[in-house]
Structure formats: structure tokens, C-alpha cells
Amino acid sequence: MSSTFFTEPPHWRWLIILYFFIGGLAGGCYFLASMIDLVGRPTDRPLARLGYLIAFPAVVVCGILLIADLGRPERFWHMLLQSATWRPMLKTYSPMSFGAWGLLVFSAFAFLSFLGALGEDERRHRFSFLRPPSVIGTIVSALGGLAGFFLVSYTGVLLAVTNRPIWSDTTLLGAVFLVSSASTSIALLMLLGSRRVFLVGGLRALARFDTFVLVLELITLVALVVSLGSLARVWLSAWGALLLLGVVGIGIIVPLILEVRAHSPLSASARAAAVLVLVGGFLLRVVIVLSSEAI
Amino acid sequence: MPEPMGFYTDTTVCIGCKACEVACKEWNQLPATNGGRSKLSGDSYDNTRRLDGIHWRHVKFIEQFDAERRQGRWLMMSDVCKHCVRAGCLEVCPTGAIIRTEFDTVVIQSDVCNGCRDCIGACPFGVIDINPVSGTAQKCTLCYDRMRAGMTPACAQACPTASINFGPIRELKQKAQARVEQLHGRGERGAYLYGADEKMLGGLNSFYLLVDKPEVYGLPPDPKMPTRNLKRGSLWSALGAVVVGVVGLISLRSRRDVNV
């Protein structure tokens with residue numbers, strides 16, 4: 001028996017699952033917006049704007065969820081400052097410590113880009129310099145995009161840097177969360193943008209990107225199960241059924257079929273595919289977190 | 001600088017009286033389970049069942065009987081935090097609440113801990129849990145307050161059979177090795193020390209004399225540091241980011257080339 005089965009669960013449940021999901025959307029929507037802003041067409045800017053407008057409120061919700069989950073919420077700042085000296089508290093080898101700082105840094109970029117995205121309709125507004133193509137906007141967007149990639153993946157590394165069954169028996173959870181965050185964020189942008197006909201070009205590009213990401217997600221999930229070896233038998237249970245039917249079936253296979261059949265990213269089947277991808281992404285985090293918590 | 005201190009627990013002389021549990025609870029003023037409305041386990045004389053935030057000592061009762069319960073034996077083991085020389089909990093703690101003391105023991109500062117619970121999953125022995133009264137993670141301190149006053153930890157003081165031995169690690173190891181040889185000489189060839197050498201997490205400052213496999217006592221056969229996965233997990237994530245990023249950029253850029 002693996003030594004990880006002799007440990008106790010940390011009681012990370014629904015608040016943490018929600019954080020993993022919403023944090024994935026925050027980081028994912030930001031790095032998508034950043035990519036669209038940096039290399040997409042000028043007509044796609046409203047799509048990028050949508051990403052920035054989602055990212056900041058989402059990361060604020062993440063902060064609230066994380067604080068609410070603490071045993072002593074009023075001490076949340078102990079993650080960032082040493083309570084006795086007020087000096088910075090940072091352990092680069094502790095994903096939770098590094099992640100707390102990563103979340104703060106990402107929040108700062110998300111806030112700046114949120115300001116930059118607020119008055120887009122007016123073309124030139126007070127904070128338009130915070131978005132590409134201005135030099136400052138390009139720097140903010142590029143660095144924020146990198147921080148977004150960090151935010152969506154460190155949570156998987158955090159789970160791996162424990163001694164819990166499943167979580168610490170593989171090193172692929174960070175990559176799995178990252179790819180899943182990309183697919184759910186594309187799905188959210190497609191869903192929210194699907195009523196705007198003028199975005200059809202950008203949405204079509206996102207749909208193609210999504211097809212690739214969903215295939216990649218399937219590959220990473222297979223790799224995850226293979227990496228667990230004989231320990232994957234833990235998922236010969238209701239959790240495995242949820243992973244297979246909910247995450248792979250409803251969250252990947254059915255959306256892939258719907259996307260291939262959809263004649264337009266504005267169609268009802270494309271919207272249905274996006275909703276299913278979001279459901280699958282949420283269920284993935286439910287299975288990963290709770291299947292280990294239950295042991 | 002004081003030398004490393006710790007526990008050597010000889011499970012062969014433990015009688016399961018749980019005096020150590022009671023002494024620990026009394027000295028550390030740990031609350032009762034569910035305000036005293038605790039349920040009986042129903043399948044064992046042991047009703048504590050596990051270490052957690054309000055049980056820093058736990059005497060395990062291991063019943064090894066045949067189906068007819070005619071032949072068998074009881075194994076007793078007073079479990080506690082191992083005060084690992086390389087401590088996973090200390091490594092991951094994001095607030096700096098978990099510290100190593102001058103006695104080489106590992107202590108959670110309750111006034112610093114914010115209850116994030118990262119240490120609970122990181123501990124390879126399942127020792128730590130939340131104390132519902134304080135809302136913080138708690139575990140054995142090896143009676144840091146008593147040690148600073150030159151006193152023996154409450155559990156070792158209360159143990160009536162000297163199963164729990166407290167002292168400098170160097171002396172405890174000599175004593176434990178002598179006991180293993182004595183048991184071997186008496187025919188108990190299965191006796192061995194668990195966690196006394198540096199191969200296990202740099203050495204456990206609370207180590208055990210056992211007479212069966214570690215798993216039988218609910219101890220991991222091969223405990224590891226949680227950070228063993230940090231580099232590889234980060235590299236896979238970075239690779240995923242590169243793949244997603246490059247394909248995303250190509251998807252958006254190639255479309256621009258075609259349409260603009």
C-alpha cells in the first residue's frame with residue numbers, strides 16, 4: 001500500500017473546489033484576453049475586453065472564497081506578512097505561500113486591465129493606456145497573461161505537494177488544471193460572446209482553439225490516470241464514474257461532437273457545447289478534490 | 001544550545017492504559033470531543049481512534065486474532081507527532097506558524113496559524129488536524145513549555161511502564177538499540193526500530209520499537225517529503241502553458257493572416 005494512504009485529509013471541500021474553478025476562469029480568461037489583444041485582430045478587442053472584465057471580479061471572488069475557508073479568516077494576511085515582524089512571508093518551495101503572492105500579483109494585473117477595459121466603447125478614456133497597443137498596456141497584458149498561466153496551474157502543484165492519495169501520487173495535476181482552465185475559459189468567452197454577431201470571426205478562432213484544447217485535455221487526463229498506476233483503482237468507484245461520464249463524456253466528448261457539427265459559433269449547439277465544457281471543468285475539480293478527501 | 005530531544009516509544013511494554021492521553025489532554029487543556037458527548041467506537045476498546053487537533057497522543061489498540069478469537073495478541077502503541085528532522089508540515093506552512101525549536105522539535109504557533117490546513121495533508125503520518133476551539137492546526141508540541149522549564153513532557157511523566165521514554169535523542173537511540181538486542185536475544189526476532197535512523201525523513205525525533213510491519217500500526221512504510229513533487233509538477237505545468245500558449249497564439253495569428 002502506498003504510504004500516502006496513512007495520511008489525513010485537509011478538509012478542503014466546496015469553497016476550495018469553487019476557488020479552483022473560478023480561479024481557473026479568472027486566470028484563463030485573462031491569458032486568453034491577453035493573447036487576443038497581443039496577436040488577434042483589432043475587431044476582436046471586445047472579446048479581449050470581455051476576458052478582462054471577467055478576470056478581475058472573478059479573482060476578487062477567489063480571494064473571498066480563500067479567506068472564508070480559513071479556520072481563522074481574520075489572519076488571512078499571515079500568508080503575505082510575518083505576523084510578528086510585518087516582513088514579507090514568502091516560501092518559494094511552498095506552493096501555497098508562493099501561490100498567495102502569485103494571486104496577489106495576478107490580481108494587480110487583472111485590476112489594471114479591468115480599468116483599461118472599462119471604457120472601451122469610448123475608444124479613448126482615462127485608462128486606455130492600460131491596454132495594448134500602448135507600450136504600458138502591452139507590458140501589463142503580457143505579464144498579466146503569464147501570471148494567469150501561473151494562477152490556473154499552481155493549484156494542481158499545491159495538491160501534488162502534499163502526502164495525500166491521488167494528489168501526491170502524480171505530478172500532472174498542474175498541467176491538467178491548466179488545460180482544463182483554458183477549455184472552460186474559452187467556453188465562457190464563447191458563451192458570453194455568442195450573442196454578439198460582430199464577434200463571429202474571433203469566436204470562430206476560439207472555437208478552433210477550443211477543439212485543440214479539449215483534445216489536449218483528454219490526453220492529459222489519460223496521462224493522469226496512467227501516471228497513477230495501480231493507485232488509479234481508487235477511481236473504480238462513483239468518483240471514477242463521475243470522471244468518465246461527467247468530465248470526459250459530458251465535458252469533453254459531447255462538446256467536441258457539438259463543436260464539429262456546429263455551423264457557427266453563434267449557434268445553439270455551440271452554446272450548449274460551451275455550457276457542457278464548463279460543467280465538465282467543474283466536475284473535474286470535484287472529482288480530483290473530493291475523491292482524495294474521501295480516503 | 002540544547003541537544004536534540006525526543007521520544008523513544010517501546011511498544012512492547014505499552015499496556016494501553018491511556019494515561020499518556022489523559023496527561024496530555026490535561027496539561028495542554030485540550031477540549032473533549034463534541035463537548036463530552038463522544039460516541040463509543042463500537043468495534044474496539046479504543047474510542048479515541050486517531051490523532052487530531054484535540055488528541056495529541058493516541059494509544060492504538062491493534063487486535064491480531066484468528067477468526068475464532070482463540071489465538072492472537074494485542075499490540076499497543078502510543079502514537080504522537082514524530083517531530084521529523086525533515087518535517088513536511090514545516091516545509092509547506094505558508095504563514096511561518098510551524099517552527100523548529102532549540103530542542104530540534106517541531107511546534108505550531110497557534111497565534112500565527114490561520115487554519116489553511118496545508119500542513120494536515122502534508123504530514124506523512126496523519127498527525128495534524130484542526131482544533132475546533134482555536135480554529136488552528138494543532139498537534140503535540142513535545143511539551144515545549146515543560147521542556148523549557150526543565151521538565152519531562154506530561155505523557156512520558158505519566159507513563160507507568162516506561163513505554164514512553166523522553167530524553168536526548170543520542171541517549172534514546174542507545175537505549176532503544178540495547179532493547180532491540182535484548183528482545184532478539186529472548187527470541188523476539190521481529191523487534192526493530194522505526195524512524196531511528198536518518199533514512200526516514202532525516203530521522204524521527206519520536207521513534208518506535210515495533211514487532212510487526214509499520215502498516216500494522218497504521219504507520220507509513222516509506223514516508224516522504226511533500227516537496228518531492230514540486231519540481232516535476234512545476235515543469236509539467238510550464239510545459240502545458242507553453243503548449244496551450246503557442247497553439248493559442250498560432251490559432252489567433254494564422255486567422256489574422258488569412259482574414260486581414
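**Figure 1. Helices α4 and α5 of chain A cross at roughly 145°.** In this predicted model, the axes of α4 (residues 135-160) and α5 (residues 173-193) of chain A come within 7 Å. The crossing of α4(A) past α5(A) is right-handed. On the α4(A) side, the contact is made by A:Phe149, A:Val152, A:Ser153, A:Tyr154, A:Thr155, A:Gly156, A:Val157, A:Leu159 and A:Ala160. On the α5(A) side, A:Leu173, A:Gly174, A:Ala175, A:Val176, A:Phe177, A:Leu178 and A:Ser181 take part.

**Figure 2. A:Ile166 has a positive phi in the loop between α4 and α5 of chain A.** Its phi is near 70°. A:Ile166 is not a glycine. Most residues other than glycine have a negative phi. A:Ile166 counts as buried, because 25 C-beta neighbours lie inside 10 Å and the cut-off for burial is 20 or more.

**Figure 3. A cis peptide bond joins A:Pro132 to A:Pro133.** Omega of this bond is near 15°. Most peptide bonds are trans. A:Pro133 belongs to the loop between α3 (95-118) and α4 of chain A.

**Figure 4. The largest nonpolar core has 166 residues.** The residues with the most contacts inside this core are A:Ala26, A:Cys29, A:Ala55, B:Cys89 and B:Cys119. Helix α1 (residues 14-39) of chain A gives the largest share, 15 residues. In chain B, domain 1 (5-224) and domain 2 (228-259) both contribute residues, so the core lies between them.

**Figure 5. B:Cys89 and its contacts beyond four places in sequence.** B:Cys89 and B:Cys119 are both among the residues with the most contacts inside the largest nonpolar core.

**Figure 6. Chain B meets chain A through 56 residues of chain B and 55 of chain A.** Four elements of chain B each give two or more residues to the side that touches chain A: α2 (88-92), α3 (118-122), β6 (129-131) and α7 (230-259). Helix α7(B) gives the most, with 20 residues.

**Figure 7. Chain B is assigned two domains, domain 1 (5-224) and domain 2 (228-259).** The C-alpha centres of these domains lie 46 Å apart. Chain B holds 7 helices and 10 strands. Its radius of gyration is 23 Å, well over the 18 Å that the globule rule gives for 260 residues, so chain B is more spread out than a compact globule. The C-alpha trace spans about 85 × 45 × 40 Å along its principal axes. Of the 260 residues in chain B, 47% are buried. Among contacts in chain B with a separation of 6 or more, 61% are between residues 24 or more positions apart.

**Figure 8. B:Arg49 has a positive phi of about 75°.** B:Arg49 is not a glycine. The residue sits in the loop between α1 (19-28) and β2 (58-65) of chain B. B:Arg49 is partly exposed, because 15 other C-beta atoms lie within 10 Å, whereas a buried residue needs 20 or more and an exposed one has 12 or fewer.

Conventions. Residues numbered from 1 in each chain as written. Chains lettered and ligands numbered in written order. Predicted model: local features only at pLDDT ≥ 70, side-chain atom pairs only at ≥ 80, totals over all residues. Core = buried A, V, L, I, M, F, W, Y, C linked by C-beta atoms within 7 Å. Domains from an automatic or database assignment. Contact = placed C-beta atoms within 7 Å. Rg over C-alpha atoms; globule rule 2.2 N^0.38 Å. Axes fitted to C-alpha atoms, helices over the stretch in contact; angles between N-to-C directions. Left-handed = near helix turned anticlockwise from the far one by under 90°.
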